[in-house]
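I opened the model to look up its pockets and cavities. My notes follow.

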Amino acid sequence: MARPASAVLQVYSPDPGTLHLWHFDETATPCLDAVAGGTNLTQLINGATLGNPSFSGGTANFTNSLSFGTLTTPGAVLFPAGSGNVGAVTPFTYAGANGAFTYEALVHVEFDPLHFFRNQPCQIMNCDADNTGARVFQFRLDPVGFAAGGRDTNFVGIEFINGTTTVAVAPIPTNGPDTIVSNAWYHVAVTYNGNANTASNLLFYWTLLDPARTNADCIYGAAMATGLPGVSTSSTVFSIGNSARNPSGGVGADTANFLGRLDEVRISSVARGPQQMVFVPVGLFITSQPTPTSQIIGTGQPLSYSVNASGASLNYQWRHDGAPVNGAVNSTFTIASAQPSDSGNYDVVITNNSYTATSTIVTVAVTNLLIVTQPSSVSATYGSSAAFNVVVTGAQPLFYQWRKNGSPISGATNSTLAFTSLAVGDAAAYDVLVSNSLASLASTVATLTISGPALTLFPVSDGDTASSGYAYAGNSGINTIAFICSGLLTLGNQQFFAYYGRHQTNPAYAFNNTIWIARRTVGTNDWSVFKTTFTADDITDGHDVVAFGIDGGGYMHMSWGMHDQNLHYARSMTPVTGTQPITFGPDLGDMTGNETSVTYPQFLNLPNGDLYFLYRVGASGGGNTFLNRWSLASQTWSNIDLSGGVAEPFIQGLWSNASYNAYPNMPCVDAAGNFYMAWTWRETPAYQSNHDLNFAKSLNGGVTWLNYEGTPYDLPISEIGQTTDAAENAENICPIPQNSSLINQAGMCLDSSNHPVIATWWAPGTATNNFRRQYMVVFPDANGVWQVRQVSNRTNDPPGTLEQDGVVRDLGRPVVVCDRQNRVIVLYRDNSTSNGLTIVSSLPYAVDPQRTNWTAFTLTTDNLGVYEPVIDLARWNRDNVMDIVYQASSGEGYTPNANTASPIGVLEWNASAYFKYSPSLQLALTNQNQNVALTWTPQPGWGYQVQWSTNFVNWTTVATLNGLAGFSPYQYTHTNGAVGPLRFWRLQTKEGGF
């Protein structure tokens, strides 16, 4: 007798043919892709909502669904990612290897199918074009009256578009069991079998959701001439419930929302059949299989499997390696304490009066002790983090002991061995000894290889990292602005650091966004952190930086938090050196009474213990530059330029008939106390009005100022032609027109002869309409002629686009220093690569006085957001060690944690040791001891000569090697180098190459 047909509605689970599956059971984003490694959907906008009821009937309950609203929310859409109304370009796989696919969804129709009309479709899902790529597909419903693909507009249709070409519009039934009506749930699908240009290779399905239905209803077949463009793309904007279109063909949400709800959206790599969708005909149906399909457990641990099935009068029999397990006759099978003899394959046979179903087979191994996953070798860069992991199963408890080069590591007794800041001594061979009461095993050996320039990170922490080692990380980048002259400073054997701190996780922490002062002994990571109540006027404004100086008595002077506002200024109550707490008096509000509308505070130390304070009064495109001096002897501030008791600017930009301002590059004071200034003029608040580089110096404490050749200025210094006094005209050392993308407030230093060296960026090809910005160095040569060198080759700027203020933070301003050999060393965040730090250096001045030979290398690869480098100039001048403030800030693809905080610390690069480079040469014999293999680690920009000798007097060069990749081991093999007389081998090196 034939069994009656029955069915269930199946909530999908991923299978080998599933590329993506979204259940939409969440009440808030992200909407998770049920396929491991799939695409989660996070950008839900314009009235689209989660948490709406879905279909429920029979054995199926689809829980929640996704609503795209009504005609009042035409832009409702769900993207994988994006911002505002814009979806992000997302790598996306949309078909199987042969191009086959199935696109399907559950849809709740919330419009009148017979009478509703609008001149837009109701989108289900799309892979649409971004500004550079091409559309992949659209899958949508077309309401009555909407003309597409030459269809009959009297019916609602299902439309599929391949690229920009409509393949077919399938009429949705208006009679029979699948008639389209309002406020009903349906299953809709389109499938393609991968065989292009064949009959009915594209099938359309439309089926009422009904637990009694046994299969999806195929309503239409069409021939698709070509498959989709490939099977995946990295230049598409995937969307659900709308399309990603705008007039420029890009990424904004369209006004074609699906009028209703969507659920159970699935994309498959195969053309599924009508019984492989949501409708499953059954008499006895296993609704969930035993899991996991394979596992390893330890001796004595519990073993448990369960199965769920639908049907009447069900009977269960679990089997072990095909043989029935005595007493295992329930839906759940458990062994309380598994033993090795319990290893093997398990399944369950389910029966009732009419049907039999057998589950999938699961495998278990029971072991006394087993290393499931061995530690893997790791390659990393200095200063970064790394970890070794081991996964072990066996009788509990388990014990771990990590070893370095065979010796136990104190305290390393967990399954993970973590390194937070890799240093030179960490490169080694590691393994772990694991044990329990039954056995002991040693893991395989894993190596930690560290490449790149040697770096050490000193994370700030006073023992409670959450409340001392994090700082504000919004897109102002306020702690890491390159024009901060003294935010990090070494005095004696102590280093001081001022920043806007923020708790790692607590948004209500009392000292969030206040100024914290950190102090440590140089060379250690033993920080003390002292918190003030001082705050910025606007923490989101990158102008409101913290700057400080320490006078000859050890007292800290600090200014902060202003952008064209009254001065914030305070002094420490006691000397800050030593071990005593650092405390401050009140915000004094001024120094001399003349500091109003202040921006850009900068302190500089004088040899006698006095301090300079440089600042601007006014605004961008209209300001004056002033200089104050702190007298250690009198304990008072004074304005250096006074007229009738009123402070006068030494550089003036505010005039009755003109308005502009000077933006200083990093001001410098030499060992004799002489002051050096370079600056660019700005005409308006827009940065493209920056122009020219100008120079002045003072040899008498800022009282009088000279140009580079020593000719005195009349004060105030102004733009050329501002007054009739030519002696007031600023010396233009490097003419750069407006609209050249010249950045303001970049770097300057002094070389060993106190000649200025300026590092900045602008677009040197502006005259030929190439607006690509490059890092540039400007300096006077031995004849006093100013030279310009391009030291980068950036290609990621669109050459034809003159970038405006909105993207000015995508590049980091550089800092520049000179070492004792008069190398010029430029440091900047390089957004053309990883958005980490890059070093560019010249050769020593004695080798290349024209500075034409430059070498660039990557210092770090962390994405630092809108960071700019701030360095400890005092430490550099004393030790040629570059201590760098290190903290990522929001932007350029970096997102801080939910409390807008990120770790902060000091990254140390010993440039003196780096340039004293002497590679370690290793020799081995190969090819049956006939060849000589020499291995060493090159540095970028160095050249190498491989030489041999039989007497240590006469040396033969057998290879000259220039341009080797830096920081990775290089091997040179000399054929038959071990044949013949005994040879001695050496490696000659030369900075800049041979």
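Which elements each supply at least two residues of the lining of the second largest pocket? I found strand S42 (446-451), strand S43 (455-459), strand S73 (905-909), helix H2 (911-915) and strand S75 (931-936). Helices (H or I, at least four residues) and strands (E, at least two) are DSSP runs, numbered from the N terminus.

Ground rules. This is a predicted model, in which local features need pLDDT of at least 70 and side-chain atom pairs count only at pLDDT 80 or more, while totals for chains, interfaces and linings use all residues. Residues are numbered from 1 along each chain as its sequence is written, and side-chain values use heavy atoms, with hydrogens and water left out.

Second largest pocket. I noted about 600 Å³ of space in it. A pocket is an open set of points on a 1 Å grid over the protein atoms alone, with protein on both sides within 12 Å along at least five of seven lines. Lining residues have an atom within 4 Å of a point. Grid points are joined across faces, edges and corners, and a volume is the space filled by probe spheres set on the points. Here 27 residues form the lining, and Tyr382, Gly452, Tyr917, Thr937 and Gln939 lie nearest the centre. I sorted the lining into 15 nonpolar, 10 polar and 2 charged residues. Ala, Val, Leu, Ile, Met, Phe, Trp, Tyr, Cys and Pro count as nonpolar, Asp, Glu, Lys and Arg as charged, and the others, Gly among them, as polar.

Largest pocket. Its volume is about 1100 Å³. Of the 41 lining residues, Asn605, Val669, Leu873, Ala874 and Asn877 are the closest to its centre. Elements that give two or more residues to this lining include strand S52 (598-605) and helix H1 (873-879). H1 gives the most, with 6 residues. The lining divides into 23 nonpolar, 10 polar and 8 charged residues.

Cavities. I searched the whole structure and got 4 of 30 Å³ or more. In a cavity, a 1.4 Å probe fits but cannot get out. The largest cavity holds about 70 Å³. Its lining includes Ala482, Met666, Met748, Val816 and Leu873. Strand S63 (747-750) and strand S67 (815-818) each give two or more residues to that lining. I counted 9 nonpolar residues there, 1 polar and no charged.

Whole chain. The protein chain has 2 helices and 79 strands. Its C-alpha atoms fill a box of roughly 115 × 80 × 60 Å along the principal axes.
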